[in-house]
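Subject: Structure for your files

Hello,

The structure you asked for is below. My notes on what was found in it follow.

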Amino acid sequence: MKSASKTASSLPRPPAPMPATLAPLTPRSTLPWAVPDAVPARDDEINSVAQMMREARGKCLVICGAGMSTESGIPDYRSPRGAYSVSGWKPMTHQDFMKTDAMRTRYWARSYAGWPFISTRAPSLAHASLAHLAMHGAVMRPIITQNVDRLHHAARAQVTSSFQHVPGTTIEGGAKGDGHVLELHGALHEVICMSCGNRTHRDHLQQEFSSLNPAAFEVMKERERRRELLLANSPDGGAAAVVRPDGDVDLPPEAMRTFQYPSCQSCGTETGILKPAVTFFGDNVHPDVSRAAAEASETCEAVLVLGSSLSTFSALRLVRKANERGKPVALVGVGDSRADGIASLSLRARVGDVLPRLRDKVVVG
Ligand SMILES: [Zn+2]
């Protein structure tokens with residue numbers, strides 16, 4: 001094991017309470033289908049990332065991608081089991097969604113069928129380990145995520161409920177108490193009116209869909225029953241039961257053609273187009289979110305990228321900005337990344353393998 005810097009090793013780090021939600025490392029055979037195969041990271045690699053985090057003194061910026069959620073059963077985009085690799089799937093673009101009623105009908109019908117799966121996923125050991133690191137101020141606030149599944153929030157809630165603060169466990173200069181998550185591309189859990197800006201919870205819209213489309217409701221219930229059977233009884237069942245990272249699923253054309261969706265009830269106009277509060281491809285990140293993310297990348301002392309190929313520029317530029325200031329960059333993920341050329345550490349491993357070990361080194365060890 002490499003020794004930590006003088007500054008880091010002098011910091012008080014007594015043993016911390018382990019959240020009750022954390023489980024032992026999961027054997028590959030019990031991982032969800034969506035998780036790509038990967039060789040475990042070496043101990044010296046874990047030690048190097050842990051040292052980088054300690055030396056950042058709580059100012060290690062974390063940027064997460066779809067690889068964070070595969071162990072919760074949600075496929076990523078580009079790994080061998082990712083949405084792009086398994087089929088020729090293309091995500092909705094902002095321009096297409098806003099252009100025609102037919103595209104919105106298609107989007108909402110498929111999203112309606114996928115929502116029961118997406119909205120019931122549980123945070124994984126990777127999410128819980130990261131939330132634990134954040135609770136101890138071992139990473140910077142906010143954690144930046146490109147994911148729209150809100151699993152970081154769920155993990156934070158779980159860890160917070162089992163967390164008892166021990167004085168002295170917060171790394172000096174780090175965030176104290178609860179963590180905070182910045183959703184770079186929004187979340188599927190909220191719906192926004194493109195006319196008046198009113199926001200509602202997605203569950204309300206799901207209920208409206210069910211009322212407007214009683215036949216689709218029955219189809220969806222049967223589909224969910226079969227999906228659960230596939231997932232429970234077949235080791236490769238996930239391949240047939242696939243839901244994309246944005247909650248999209250395949251549907252036959254006839255199921256989409258007749259699907260009804262409402263307009264905004266707040267402004268009551270036909271132009272009140274309801275859209276999930278996510279940044280579709282082809283759209284810009286909200287200026288407030290973009291500003292907060294830029295500020296984090298301008299003040300961090302290190303960057304840790306988790307489960308992201310950094311294919312979207314909104315995330316890549318945060319890494320580049322920190323790197324231009326001479327800050328170290330560590331990548332953890334199974335595939336290539338657009339930051340491979342500037343990273344000082346690159347671990348080709350699952351985040352579910354690496355994060356629990358990092359937590360043990362940085363917080364407990
Ligand atoms: Zn409205």
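How many disulfides does the structure hold? The structure holds 0 disulfides, a disulfide being a pair of cysteine sulfur atoms within 2.5 Å.

Before the rest, a word on the basis. This is a predicted model, in which local features need pLDDT of at least 70 and side-chain atom pairs count only at pLDDT 80 or more, while totals for chains, interfaces and linings use all residues. Residues are numbered from 1 along each chain as its sequence is written, and side-chain values use heavy atoms, with hydrogens and water left out.

The zinc site

The zinc ion has four protein donors: Cys193 (SG), Cys196 (SG), Cys264 (SG) and Cys267 (SG), lying 2.3 to 2.4 Å from it. Donors here are N, O and S atoms within 2.8 Å of the metal (3.2 Å for Na, K and Ca); water is not among the atoms, so sites may look incomplete. The arrangement is tetrahedral because the 4 donor atoms subtend angles of 104 to 117° around the zinc ion; four donors count as tetrahedral if all angles lie between 85 and 135 degrees. Along the sequence, the donor residues follow the spacing C-x2-C-x67-C-x2-C.

UniProt, in an unreviewed entry, places the feature "binding site" at Cys193, Cys196, Cys264 and Cys267. They are spread over 75 residues of sequence but cluster in space, with a largest C-alpha distance of 8.6 Å. UniProt positions are given in the numbering used here, feature names are shortened, and annotations may be inferred rather than shown by experiment.

Which of these cysteines are buried, and which are partly exposed? Buried means under 20% relative accessible area, exposed over 50%, and partly exposed in between (1.4 Å probe, protein chains only). Cys193 counts as buried because its relative accessibility is 2%, and Cys264 is buried at 5%. Cys196 is partly exposed at 38%, and Cys267 is partly exposed at 25%.

Cys193 lies in strand S4. Helices (H or I, at least four residues) and strands (E, at least two) are DSSP runs, numbered from the N terminus. Leaving out residues up to four places away in sequence, Cys193 touches Asn198, Cys264, Cys267, Gly272, Ile273 and Leu274, where contact means heavy atoms within 4.5 Å. Cys264 sits in the loop between helix H11 (253-257) and strand S6 (274-278). Gly268 is in the loop between H11 and S6 and is exposed, with a relative accessible area of 61%.

The annotated active site

The UniProt annotation "active site" (unreviewed entry) covers His185. His185 is in the loop between strand S3 (181-183) and strand S4 (186-193), and is buried, with a relative accessible area of 11%. Its contacts, not counting residues up to four places away in sequence, include Thr145, Gln146, Ala277, Thr312 and Ser314.

Helix H13

Ser314 is also one of the buried residues of H13. This helix (residues 313-324) has 12 residues and reaches 16 Å from its first C-alpha to its last, close to the 16 Å expected at 1.5 Å a residue; the expected span is 1.5 Å times one less than the number of residues. Other buried residues of H13 include Leu316, Leu318 and Val319. Among the elements covering the buried residues of H13 are strand S1 (60-64), helix H12 (287-299) and strand S8 (329-332). Just after H13, Gly326 takes a positive phi of about 85°.

Regards

Methods. Four donors count as tetrahedral if all angles lie between 85 and 135 degrees; four count as square planar and six as octahedral if opposite donors are over 155 degrees apart and all others between 65 and 115; anything else is irregular.
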